[in-house]
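Keep the viewer open as you read.

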Amino acid sequence: MSRNAKINTLLLAVVVALAALPVVLGMGDHKEEPFTGSDAQAQTAITENEPDYEPWFSPLYEPASGEIESALFALQAALGAGVLAYYFGLRRGRRQGEERAAAAAGASSGTPAE
Amino acid sequence: MHIAEGYLPPLHAAAWGAASAPFVIHGARALSREVKSHPESTLLLGASGAFTFVLSALKIPSVTGSCSHPTGTGLGAILFRPPAMAVLGTITLLFQALLLAHGGLTTLGANAFSMAIAGPWAGYAVYRLLRRLALPPMVCVFFGAFAADLSTYCVTSVQLALAFPDPSSGFAGALAKFGGIFAVTQIPLAVSEGLLTVLVMRLLSQSSTGELVRLGVLAPARPDSTEAVAR
């Protein structure tokens, strides 16, 4: 593995560790329901500060179940990851194509074909 | 994690909407100028938006025993300046509000202000400041992305504390409460986002060297390096 790839792998490993450690170390154990969303907790806190607050608008569309919701979140991540992968793939392909063209031009005439 | 639909009083919702609108409009103009003058940057802009899309879909456990998600706005703010992220961040928020019931339309203004405006500007400011101190570029990128992520949730806490002050301790008490929920949870996630942004920036500096030089993230390559030959 090149030094570059080692650094990149290390970066990813730290990110994974940061996400996994709270679960592994049981940092949610003090809660009734561990690892809920912070937005849900904020809603509870709002009701504590202002017990008669009623949300005055509800979402136009709400996923019918937790499964559908997680599917849509996965879809969002997949769309983003797909575009990112397309970008890096395109760049890599272009670069390789340029290098090949430059090598071919250098071999045939010694001057760039363009 | 954004403010849920209907969870800001109408007056606050309208005020944050009014505060965000000029930034988003200005951002849309800046974005179309950028695309017109540098059509080749459209792809990288798309990739920056995609990064925000991925990161804000990932709810990650944190040390407080709750989950939150990063924002991914630091990368685009560093590459294309914060106005571009006002648009890309708002698009992401709109997607989540419409399809995922995450965040909301009435709270879109407030959420856009924290994630698409305040976060990118804070991250960009930290990044520029550290660059001026001549720190290594990737160190500046890390702290820029870290600041963009964390400040987003600090602003969210302020927004909620303004709308829902504590009955006894007022704004300060509420800020401590919401800060404990959002900002503290966010610290390890902001570190993760910083590291991921560095990772993507490292990949970009290999694959899109010319682009990054034009955007001022990388120093121009020396004539003897291979990059100069490839261009």
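A residue is called buried when its relative accessible area is under 20%, exposed when that value is over 50%, and partly exposed in between, using a 1.4 Å probe and counting protein chains only. With that in hand, a word on what you are looking at. This is a predicted model, where local features need pLDDT of at least 70, side-chain atom pairs count only at pLDDT 80 or more, and totals for chains, interfaces and linings use all residues. Residues are numbered from 1 along each chain as its sequence is written, chains are lettered from A and ligands numbered from 1 in the order in which they are written, and side-chain values use heavy atoms, with hydrogens and water left out.

Start at A:S38. Is A:S38 buried or exposed? A:S38 counts as buried because its relative accessibility is 0%. You'll find A:S38 in helix 2 of chain A, which covers residues 38-49; helices here are DSSP runs of H or I with at least four residues, strands are runs of E with at least two, and both are numbered from the N terminus. Who covers it? Setting aside neighbours within four places in sequence, A:S38 is in contact with B:M1, B:C67, B:S68, B:I181 and B:F182, where contact means heavy atoms within 4.5 Å.

One of those partners, B:S68, deserves a stop of its own. B:S68 sits in strand 2 of chain B, residues 66-68, and B:S68 is buried too, with a relative accessible area of 0%. Not counting residues up to four places away in sequence, B:S68 touches A:S38 and, within chain B, residues including B:M1, B:L58, B:Y153 and B:L189.

Now zoom out to the whole interface. In total, 70 residues of chain B are in contact with 57 residues of chain A. The two chains bury about 5,500 Å² between them, 68% of it on carbon and sulfur atoms; buried area is the accessible area (1.4 Å probe) that two parts lose on being put together, summed over both. On the chain B side, B:Y7, B:L43 and B:L100 lose the most area to chain A, together 11% of what that side buries.

What about charges? A salt bridge here is a side-chain nitrogen of Lys or Arg within 4 Å of a carboxyl oxygen of Asp or Glu. By that rule there are 6 salt bridges over all chains, and the count between chain B and chain A is 3. One of the salt bridges pairs A:E48 with B:K177, with the closest N and O atoms 2.9 Å apart. A:E48 lies in helix 2 of chain A and B:K177 in helix 7 (residues 170-207) of chain B, so this pair joins two chains. B:K177 is partly exposed, at 23% relative accessible area.

Another salt bridge brings B:E211 and A:R91 together, at 4.0 Å from N to O. This pair also crosses between chains, from helix 8 (residues 209-214) of chain B to helix 3 (residues 66-108) of chain A. Both B:E211 and A:R91 are buried.

Stay in helix 8 of chain B for the next pair. B:R214 forms a salt bridge with B:E40, the closest N and O atoms being 3.6 Å apart. The two are 174 residues apart in the chain, with B:E40 in the loop between helix 1 (10-37) and helix 2 (42-55) of chain B. B:R214 is partly exposed at 30% relative accessible area, and B:E40 is partly exposed at 38%. Through shared partners, salt bridges join A:R91, B:E34, B:E40, B:E211 and B:R214 into one network.

Back in chain A, the UniProt annotation "transmembrane region", from an unreviewed entry, covers residues 71-90. UniProt positions follow the numbering used here, feature names are shortened, and annotations may be inferred rather than shown by experiment. In the model, that span is 100% helix and 0% strand, and its end C-alpha atoms lie 28 Å apart.

Last, a look at the backbone. A:F35 has a positive phi of about 60 degrees although it is not a glycine, and A:F35 lies in the loop between helix 1 (3-24) and strand 1 (36-37) of chain A. In chain B, B:A101 has a positive phi as well, near 50 degrees, and is likewise a residue other than glycine. B:A101 is in the loop between helix 4 and helix 5 (108-132) of chain B.
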